Amino acid sequence: MISNKFIQRLVKACQVVVLTGNGIKAESVKSGNLFNEEKLSFKEQRDKSPEKFWQKVAESRRQYAQLQPNLGHFALVDLENRFEDFMLITTSFDGLHRRAGNKNLIELKGNVFQNRCHQCGAIFEADEKQKIPVCPECGSTDILPNVLQTNESPEESKLKQAQRVSAEAEVFVTAGFNDTNEDINALPFIAKANGAYLLELNPEKTTFSSAMNEMIAGNPAKFLTAIALLLEKI
Ligand SMILES: [Zn+2]
């Protein structure tokens with residue numbers, strides 16, 4: 001259950017940070033999806049056969065487009081509206097938080113519906129009509145999906161921003177978060193070292209659980225919804 005102690009800390013807080021991962025959603029994309037495969041890098045696949053690669057990207061994107069935000073995603077929109085200074089950090093690249101309506105959002109691993117130009121750094125929405133994408137800023141075709149692959153590190157500026165807001169957080173919640181990247185995993189500890197109250201919502205205990213003030217084992221989306229409902233009554 002959500003403790004009174006946590007709720008008391010939360011209602012007094014101005015700066016709240018939630019860190020989510022793939023564990024927040026109930027459904028996932030079909031197997032064989034390009035963005036969940038760990039074979040060749042995107043660059044290697046694209047350079048081998050650009051047309052084939054971008055076809056696979058489009059097919060995978062159609063699968064992601066069928067996923068729908070759940071109550072947990074919507075509860076996070078409620079939390080964003082409630083707090084003066086709210087930031088949602090996510091390692092999900094499925095774009096569901098954005099589609100649910102969160103605006104104060106750091107997508108550490110990018111967004112499956114975006115492309116990135118590796119010539120000029122521009123990030124732009126993918127255009128399904130283009131067989132081979134062209135950068136709207138510089139005209140380059142050195143484009144890849146804006147999604148971090150395994151072993152790639154988050155963009156420096158995004159990571160810095162995530163570290164800064166984590167250090168300022170009064171309450172820091174992780175929900176369905178479990179990652180292998182050292183820099184990302186350090187975020188709850190940065191928050192803790194700066195005095196935040198930490199709550200973990202995860203189906204099972206993780207390596208961070210012992211460092212948290214509280215850990216609730218269960219469906220993260222369900223408990224986020226419970227938190228949003230409790231706040232409405234206060
Ligand atoms: Zn460009």
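Which strands does helix 9 (residues 220–233) lie across? In this predicted model, helix 9 lies across strand 7 (171–175), strand 8 and strand 9, and its direction makes an angle of about 135 degrees with strand 8.

These strands belong to an open sheet of six strands, arranged in the order 3-2-1-7-8-9 with parallel pairing. The edge positions are taken by strand 3 (105–107) and strand 9 (214–217); each has a single partner strand, so one side of each is left without a neighbour in the sheet. On average, neighbouring strands of this sheet are turned by 15 degrees against each other, direction ignored. Strand 9 runs parallel to strand 8 (residues 197–202), to which four bridges join it. Within this pairing, L201 has I216 of strand 9 as its bridge partner.

A further open sheet consists of three strands in the order 5-4-6, with antiparallel pairing. Here strand 5 (123–125) and strand 6 (143–147) stand at the edges, and each has a single partner strand, so one side of each lacks a neighbour in the sheet. The twist from one strand to the next averages 45 degrees. Strand 4 (residues 110–117) and strand 5 run antiparallel and are joined by three bridges; the bridge partner of R116 in strand 5 is I123.

At the level of domains, the protein chain is divided into domain 1 (1–27 + 69–109 + 154–234) and domain 2 (29–66 + 110–147). The centres of the two domains, taken over C-alpha atoms, are separated by 28 Å. Six residues from domain 1 and six residues from domain 2 take part in the contact.

Key:
Residues are numbered from 1 along each chain as its sequence is written. This is a predicted model: local features need pLDDT of at least 70, side-chain atom pairs count only at pLDDT 80 or more; totals for chains, interfaces and linings use all residues. Domain bounds come from an automatic or database domain assignment. Two residues are in contact if their C-beta atoms, placed from the backbone, lie within 7 Å. Two strands pair if DSSP finds at least two bridges between them. Helices (H or I, at least four residues) and strands (E, at least two) are DSSP runs, numbered from the N terminus. Axes are lines fitted to C-alpha atoms, for helices over the stretch in contact, and angles run from 0 to 180 degrees between N-to-C directions.
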